[in-house]
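The sequence and structure are shown first, and the description follows.

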Amino acid sequence: AALAPVARTLGGKHLLVTSGPTHEPIDPVRYIANRSSGAQGTAIGAALAERGARVTFVTGPASVPPPSGVEVIRVETAGEMLAAVQAALPADAAVMAAAVADWHVVSASGQKLKKDGGGPPTLALAQNPDILAAVAGLGESRPRLVVGFAAETENVLEHARAKRLRKGCDWIVANDVSSATGIMGGTENAVTLITAGGEEAWERMGKDAVAARLADRIAQALA
Ligand code: CTP
Ligand code: CA
């Protein structure tokens, strides 16, 4: 049977989504990365666009193609992602689904590092800017609704609750990304939506279904 069309509950709204991993260069041919495929962020971008939102989709080097019907802005590093997010504001709501690298290499080499007999190189790391906290902490230009993710491998809810408060975002979508769950890089997700008003554990479902439900909640919140 044909699926019923989705109501355009986000018509006239500008939604900002971050997605995918970031890559932090070590030298021109090497980088630090993580296992994010970008699948959940891509599904969210698609669900928001399907509901009529204008979506700015800022993505790191993901392994899945970006959704159609969104404005795609491709970045590589966390620093570039922050700049792209700032340039995309204002927005009615922001959903930060990217798995932003926490650290970058302080002085990435301009030339390929070589085995020069002196032993392996020592990489000095520095912390990346927190894009979610930066957006949540904006004054006048803060999106009305700021949604973050908390990818955890243990004590998921405690860490996620603390993260919501620390970052100043409105909602946190908490998920367990320990390897046994198969969530990172997989097609399903099991999340708990944490808001100021309470917590909802959603049953494990496809990342598309998580995205649809989240998009519907966002539409209600912005209505
Ligand atoms: N995030 C971000 N910028 C960063 C790090 C994280 O915008 N530099 C966002 C992610 O997109 C996600 C949320 O913050 O929405 C939580 O990311 P997570 O990696 O779980 O939290 P961290 O604050 O980096 O804490 P840690 O990795 O130490 O648990
Ligand atoms: Ca992190």
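In this predicted model, the shell around ligand 1 receives its greatest contribution from β9, which gives four residues. Ligand 1 itself sits in the largest pocket. The elements that supply two or more residues to its shell are α3, β9 and α4 (156-167).

Around ligand 1 there are 14 residues, of which Met 96, Ala 98, Pro 129, Phe 149 and Lys 163 come nearest.

| Protein atom | Atom of ligand 1 | Distance |
|---|---|---|
| Ala 98, polar backbone atom | oxygen | 2.7 Å |
| Asp 102, polar side-chain atom | oxygen | 2.9 Å |
| Pro 129, polar backbone atom | nitrogen | 2.7 Å |

On its own, ligand 1 has 570 Å² of accessible area, and the protein covers 78% of this.

Asp 102 also takes part in a metal site: its OD atoms are the protein donors of the calcium ion (ligand 2), at 2.5 Å. Asp 102 belongs to the loop that runs between β6 (93-96) and β7 (103-105).

Beyond its neighbours within four places in sequence, Arg 142 touches Val 135, Ala 136, Gly 168, Cys 169 and Asp 170. Its side chain reaches the backbone oxygen of Ala 136 at 2.8 Å, and makes a polar contact of 3.1 Å with the side chain of Asp 170. Although 49 residues separate Arg 142 from Ala 93 in sequence, their C-alpha atoms are 8.6 Å apart in space.

Technical notes. Residues are numbered from 1 along each chain as its sequence is written. Chains are lettered from A and ligands numbered from 1 in the order in which they are written. This is a predicted model: local features need pLDDT of at least 70, side-chain atom pairs count only at pLDDT 80 or more; totals for chains, interfaces and linings use all residues. Side-chain values use heavy atoms; hydrogens and water are left out. Donors are N, O and S atoms within 2.8 Å of the metal (3.2 Å for Na, K and Ca); water is not among the atoms, so sites may look incomplete. Contact means heavy atoms within 4.5 Å. A polar contact is a pair of N or O atoms within 3.5 Å; within protein, one must be able to donate a hydrogen and the other to accept it, and residues adjacent in sequence count only if both atoms are side-chain atoms. A residue is near a molecule or strand if one of its heavy atoms lies within 4 Å of it. Accessible areas come from the Shrake-Rupley method with a 1.4 Å probe; for residues, only the protein chains shown count as cover. On a 1 Å grid over the protein atoms alone, a cavity is a set of points where a 1.4 Å probe fits but cannot get out, and a pocket is an open set with protein on both sides within 12 Å along at least five of seven lines; lining residues have an atom within 4 Å of a point. A molecule sits in a cavity or pocket if more than half of its atoms lie within 2 Å of its grid points.
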